[in-house]
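Work through the exercises below with the sequence and the model in view. Each task is followed by its solution.

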Amino acid sequence: MKLNRVLTLAFLALFAVSGLQAQSLSPDTKTRWDKGTLVVESPVRPEGQKHVVGLTAPKMKTVRVAFVGLGMRGPGAVSRFTYIPGVEIVALCDYEAERAEKCQKALRKAGLAPAAIYSGAKGYEELCKRDDIDLVYVATDWDHHFPVAKCALENGKHTAIEVPSAMNLQQCWELINLSEKTRKHCMILENCCYDWFELDALNMAQKGILGEVLYAKGAYIHNLDPFWDSYWSNPANDPDKLGWRMKYNMENRGDVYATHGLGPVAQVMDIHRGDRFTTLVAMDTKSVHGRELVEKKTGKPCPEFRNGDHTTTLMRTANGKVVEIQHNVMNPQPYNRLFQLNGTRGFANKYPVEGFTLESSHMAGTDGAPDLEDLDSHGFMSEENMKKLRETYRHPIIKKYGEMAEKVGGHGGMDFFMDVRMVYCLQNGLPLDMDVYDMAEWCCLAELGSLSMDNNNCSVAFPDFTRGHWNDVKGYKHAWATPEQEAATEAAAEAYTAAQKTAVEKLNLWALYDAAKEGDAAAVKAYEAAAAQLDAEVAIAEKAAAAAKAAAEKAYAETYSAVESAQK
Ligand SMILES: NC(=O)c1ccc[n+]([C@@H]2O[C@H](COP(=O)([O-])OP(=O)(O)OC[C@H]3O[C@@H](n4cnc5c(N)ncnc54)[C@H](O)[C@@H]3O)[C@@H](O)[C@H]2O)c1
């Protein structure tokens, strides 16, 4: 198996260009009018195909992962995975070979085995054909999320896709069909669902502290001026070198990056676990800043810039709740995801100020009339009380992984929570925290919003992506193994990773890898031969460690019983 780690070096030279481009509006979306609402038609579930609500896959002792897309975002994921026990990083792929190669640094630092390198526009296709990969982690530009994920699922791999994971309804439905057909997970990598404040607030909402959350707000308000020039530019379809993100915003209307704001509030609102979004209305401002940036960059007039500077989408749910989502990557504002929950008994707010307000009695000390001087519940509770409240309702994910997340980092640790939870669920054979329907519900705002705005801000009906199963599960939950199961899985994962590190050192893999990279045929052969030994050496090291552990336990038990009988 490990032979492939070297043979794929040959792909370094293989460059082809792909001009494929995604758009918010699918080419084949069918709509009809129903009393002033634009209804988007849903494709019928193919015969013999079942839904994937609560999908599980057989437990994996080791999660063998490949990363595709290693620009600004991807390398952080590679690095985070080196901290997760029971993971094997099999392959690294980027359009540009040197970006993939650079990520080997994290593996070398951790003492893990070198990964195979793939590159070029189609390198991911070869990667997906490998039979030693369980999970493909996609962090490419938006045009490539779908082709890479589709290829991974078609090749029987679980798939995790950066946000937004699908750019339009056609891609949403194709990924749903593929996940249903292959019974493989297709997860949206929505890290904001794991931010510390969002997790604690979710726990409070689930425990009823906020009452029934009726209205929620989320947003992605982030002035991207310092970033525009750093996004990758596809040589096949970006002659002005605008970079994929500016180009996408120029060509597409609607909230094209809704999931950071929407994901966390959708979990609070139990979307497709007892409730569902039914209709939306979207409205945007005209475009000013994006157009200016394009004109400055190209020196030419920009006749049309589709994405408004600020887009607002309002959604209603089947249970009569409302969610408001905003998008603004153009204007100078403090970073803001809003995350505001308005419940019947309490209120939570993350940006710009973190705070909670819980229902308090206005009647105390009066003869029935509100005390107008007591303005306590007109503001947030004190910092001290908020600290106590959050400690009381600390989310179990933070309790379990908080210390580690602080060390590993990734947007303050939330990226690590997301990755480690995905691996935990795969190792324990549990449903993932986010499924392919979450992906579709959170990503479809771009196309539905665009349809609304292109039709005088009309209401647009959401498709039911679960096709009839949004009410099967009551309430959003994170899945957990029993403590015994969890302990056994963790012990096996730790033993695997320790054994891999021992084997890598014994085989001297990194020195051989460096020599092979110089291109000398004999050195390549030597590395290939050593890499081919990796699995066998890992098994030997695991066995040796298990034997040493058993011997230590036996010795301890014998010493303990000797001490006991001496004391008698
Ligand atoms: N969740 C978050 O907090 C967060 C933060 C930043 C970015 N992102 C998302 O991560 C993704 C990547 O963003 P980025 O900032 O790293 O962009 P980037 O432009 O820095 O990187 C994109 C990378 O994809 C590679 N690529 C393009 N086509 C490819 C192909 N066919 N095969 C392999 N690689 C290919 C490019 O070479 C480039 O290295 C985007 O979807 C973005 O929205 C998410």
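Domain bounds here come from an automatic or database domain assignment. The model is predicted: local features need pLDDT of at least 70, side-chain atom pairs count only at pLDDT 80 or more, and totals for chains, interfaces and linings use all residues. Residues are numbered from 1 along each chain as its sequence is written.

**Exercise 1.** State how the protein chain is divided into domains.

Solution. Domain 1 covers 3-30 + 44-190, and domain 2 covers 533-568. Between the C-alpha centres of domain 1 and domain 2 there are 40 Å.

**Exercise 2.** Describe the shell around the ligand by residue and by class.

Solution. The shell has 26 residues, of which Gly-71, Met-72, Arg-73, Tyr-95 and Trp-232 come nearest. Strand E4 (87-94), helix H5 (123-129) and helix H6 (142-154) each give two or more residues; helices (H or I, at least four residues) and strands (E, at least two) are DSSP runs, numbered from the N terminus. Sorted by class, twelve residues are nonpolar, eight polar and six charged. Ala, Val, Leu, Ile, Met, Phe, Trp, Tyr, Cys and Pro count as nonpolar, Asp, Glu, Lys and Arg as charged, and the others, Gly among them, as polar.

**Exercise 3.** Which classes of residue make up the contact of H17 with H20?

Solution. Two residues are in contact if their C-beta atoms, placed from the backbone, lie within 7 Å. H17 contributes residues including Ala-495 and Tyr-496, and H20 residues including Leu-534 and Glu-537. The contact of H17 with H20 has eleven nonpolar, two polar and three charged residues.

How values were computed: Near = placed C-beta within 6 Å.
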